Amino acid sequence: MSVETTGMTRRISALFALTLLVLLVALDYAANPPNPYRVPSIIALGSGAASAGGFCGALPD
Amino acid sequence: MATGAASGRVPHALPRRAALVLAALLAVLAVMILSGIRYGLLLAVGLGFGLVLEGLRFGFAGPWRAMILRREPSGLFAQLIAIGLVAIVALPLIAARGGELVAAQSPIGWAMVGGAFVFGIAMQVVLGCGSGTLVNAGSGNPIAALALPAFAIGSFAGAWHLFWWTDLGSLPPLGVTGWNGVLVTLAGLAAVAALLHRIAARGRRALERRHLVAAVVVAALALANLIVAGQPWGVVYGLGLWAAKGATALGADLSGSPFWAARESVERIGASLLTDVTSLTNIGIVLGAFVVASWRNGGLSARIPTLPVRAWIATAGAGLLLGYSSRLAFGCNVGAFFSGISTGSLHGWVWFAAAFAGSVLGIRMRPALGLEARS
């Protein structure tokens, strides 16, 4: 049993997804560049700082 | 001496693979330099997730489908093992280092249960959950390439309305902690495993080796995520943030949303994506899956199946629902099911039951929506 296919390969859709990601990061970098001189400790465990990242299970205050 | 072609090897595979590894390492190094070592490490953790999920063909939606359709529990067993392994380390660690490390404990409510049910439907329609959609997009699945941007928009919209939905009624976050939490969680996981074993098809009850390996590696990466970021592995928040940034860049006013107008949200929209925990691991998952697909000989050369228009419409709709419902449900398979249960949250268990019920319905809907390839 054969499956009907288009002329396109998965390379096209993978590159489409990667292009979207690269554009997202590049545009964001241009608008909101990170500050490499203001960074948190290497790992959170043992840092003494409260966890502050966004998370799907949490509501903003 | 055998030539590359005669030995079955594809010429130029080695330079291609070396370039892939180099590009991945450079991406991690670039983030370390631009944003800080912690964020580079988180990109590396995400890359690891992408490599193992695509490399070992492990995920969440597929094993649930295998259990529902064929009563094959191996992949689900592996999920339970991974969750248990994380719980054994994470729960005592969070109890000892509260504040630095946080659990994924969220409230149970009407919208949360309904959201998980709808998520279960949608993830079977597109055959990809939160992490699965990222992996599939990176490995060239066209369904995921369309579902992913829709997922992000849906997550943004779900967060916009989240407080309205939670006001319909919800309990405070309930859960277990510390070593008592480990015992309760492991007992719950063992009970589910025993039930699955009982209803599994005869001769299909064994745990496949690749699933076991994937479970151990995924658990190690999830713990690395917790230790480095201070929070459990999640997916959905990052996707919604991408859409929020896009909306802001296009001039949208988000002040009408209690969620996106909150101080923390405003700060994160204005901060670099390269400092957002879930964005970095999400990007890493896509890149890791792309590396594996490119690494495999012929991994990206498979032709895309022909699908009817209604299948693409269903994919876009399911993608939106994946995002919207996962915000109401306080997470997807990763943030709610995997991270919720492994850090002691009762909502993770409720999410599991509701999403599994939704999956049964979603599997039945898939052929009618034209998402089974024509033959």
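Residues are numbered from 1 along each chain as its sequence is written, and chains are lettered from A in the order in which they are written. In this predicted model, local features need pLDDT of at least 70 and side-chain atom pairs count only at pLDDT 80 or more, while totals for chains, interfaces and linings use all residues.

Q: Which helices and strands does chain B have?
A: Chain B has 16 helices and one strand. Both kinds are DSSP runs numbered from the N terminus: helices are H or I with at least four residues, strands are E with at least two.

Q: Why is Gly335(B) called buried?
A: A residue is buried if 20 or more other C-beta atoms, placed from the backbone, lie within 10 Å of its own; 12 or fewer make it exposed, and in between it is partly exposed. Gly335(B) has 30 such neighbours, so it counts as buried. Gly335(B) sits in helix α15 (residues 333–342) of chain B. Across chain B, 58% of the 375 residues count as buried.

Q: What is Gly335(B) in contact with, leaving aside its neighbours within four places in sequence?
A: Contact means that the C-beta atoms of two residues, placed from the backbone, lie within 7 Å. The partners of Gly335(B) include Phe55(A), Cys56(A) and Gly57(A) from chain A, and Ala104(B) and Val235(B) from chain B. Val235(B) is 100 residues away in sequence, with a C-alpha to C-alpha distance of 6.6 Å.

Q: How do you know that helix α6 of chain B is mostly covered?
A: In α6(B), residues 130–138, nine of nine residues are buried. Among them are Gly130(B), Leu134(B) and Asn136(B). Just after this helix, Gly140(B) has a positive phi of about 90°.

Q: What makes β1(A) and β1(B) a pair?
A: Two strands pair if DSSP finds at least two bridges between them. Two bridges join β1(A) to β1(B), residues 303–305, and the strands run antiparallel. Thr9(A) has Arg303(B) as its bridge partner, and Thr5(A) has Pro305(B).

Q: How many residues of chain A are in contact with chain B?
A: 45 residues of chain A are in contact with 69 residues of chain B. On the chain A side, the largest share, 15 residues, comes from α1(A). By class, this side has 28 nonpolar, twelve polar and five charged residues. Here Ala, Val, Leu, Ile, Met, Phe, Trp, Tyr, Cys and Pro count as nonpolar, Asp, Glu, Lys and Arg as charged, and the others, Gly among them, as polar.

Q: Why are α11(B) and α13(B) called roughly perpendicular?
A: Angles of 65 to 115 degrees count as roughly perpendicular, under 35 as roughly parallel, over 145 as roughly antiparallel, and the rest as oblique. Helices α11(B) and α13(B) pack at about 100°, with their axes 7 Å apart; they are therefore roughly perpendicular. Axes are lines fitted to C-alpha atoms over the stretch in contact, and angles run from 0 to 180 degrees between N-to-C directions. Residues that meet there include Tyr237(B) and Trp242(B) in α11(B) and Asn282(B) in α13(B).
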